[in-house]
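This report goes through a structure from its overall fold to a set of charged side chains. The sequence and the coordinates come first.

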Amino acid sequence: MSTDQNDLTNSAPKLELNKPYFWIATWFGCGLMRPAPGTWGSIGALPFAIILFGVFGLYGFLAAIVFITYIGFRATQKFEAATASHDNKMIVVDEVVGQWIALIPVFALVGVHAILIILAFVFFRLFDILKPWPASHFDQNVGGAMGVIGDDVIAGIFAAGCVLGVIYAGFS
């Protein structure tokens, strides 16, 4: 078994699977999926984003980003304390935050648009994987939940900028 496959097994005695922090940090189990749990977390973020925007509009979606950032930060703190690890691959709520940030220009300027949502997903995953500065700074130098979530916030901002460029270039 690889290290990734052992993550849950090795952490299970410390993790409280019946606690909300576990399900928020893993985004309802998306972080348990292999391979590429971060990609699964981003995919899992999309239906929630579309529903939130559809039901509550742009301001409700923006409020949800603030709310899930706070709740995700707290869940990440508890998850890291339970596993005595930093940035465990099972934690994907940070991908949710970043993915939702990447979707802001789509929802703000166009609404629900399948191609732009896919582009926001691709741009976010690209920046999350490549981690250009300052995302790399958060990833490498900032500890705790701030480091876990910070690099994805930056990747989401970069992705949102690219999506905005695509929209203003007229490719919507």
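The model is a predicted one, in which local features need pLDDT of at least 70 and side-chain atom pairs count only at pLDDT 80 or more, while totals for chains, interfaces and linings use all residues. Residues are numbered from 1 along each chain as its sequence is written, and side-chain values use heavy atoms, with hydrogens and water left out.

**Overall fold.** The protein has seven helices and zero strands, where helices (H or I, at least four residues) and strands (E, at least two) are DSSP runs numbered from the N terminus. The radius of gyration is 16 Å, close to the 16 Å that the globule rule gives for 172 residues, so the protein is as compact as a globular protein of that length. That radius is taken over C-alpha atoms, and the rule is 2.2 Å times the number of residues to the power 0.38. Along the principal axes, the C-alpha atoms fill a box of roughly 50 × 35 × 25 Å.

Of the 172 residues, 48% count as buried; buried means under 20% relative accessible area, exposed over 50%, and partly exposed in between (1.4 Å probe, protein chains only). The accessible surface comes to about 8,300 Å², and 70% of this belongs to carbon and sulfur atoms. Areas come from the Shrake-Rupley method with a 1.4 Å probe; for residues, only the protein chains shown count as cover. Among contacts (heavy atoms within 4.5 Å) between residues at least 6 apart in sequence, 74% join residues at least 24 apart.

**Helix α5.** This helix (residues 114-130) has 17 residues and reaches 24 Å from its first C-alpha to its last, close to the 24 Å expected at 1.5 Å a residue. The expected span is 1.5 Å times one less than the number of residues. Its buried residues include Leu116, Ile117, Phe124, Arg125 and Asp128. After α5 comes Lys131, with a positive phi near 50°.

**Salt bridges.** How many salt bridges does a search of the whole structure find? The search finds three, a salt bridge being a side-chain nitrogen of Lys or Arg within 4 Å of a carboxyl oxygen of Asp or Glu.

| Pair | Closest N and O atoms |
|---|---|
| Arg125 and Asp128 | 2.7 Å |
| Lys131 and Asp128 | 3.1 Å |
| Asp151 and Lys131 | 2.7 Å |

Asp151 lies in helix α7 and Lys131 in the loop between α5 and α6 (135-141), so this pair ties together parts that are 20 residues apart in sequence. Through shared partners, the salt bridges join Arg125, Asp128, Lys131 and Asp151 into one network. Arg125 and Asp128 are three residues apart in helix α5, which separates them by about one helical turn. An α-helix has 3.6 residues a turn, so residues three or four places apart point the same way. Asp128 counts as buried at 5% relative accessibility, and Asp151 counts as buried at 2%.

**Asp94.** This residue is located in helix α4 (residues 93-109). Asp94 is buried yet has no salt bridge, and the nearest side chain of opposite charge, Lys131, is 6.7 Å away. For charge, Lys and Arg count as positive and Asp and Glu as negative, while His and the chain ends are not counted. Leaving aside neighbours within four places in sequence, Asp94 is in contact with Asp87, Val148, Ile149 and Asp152.
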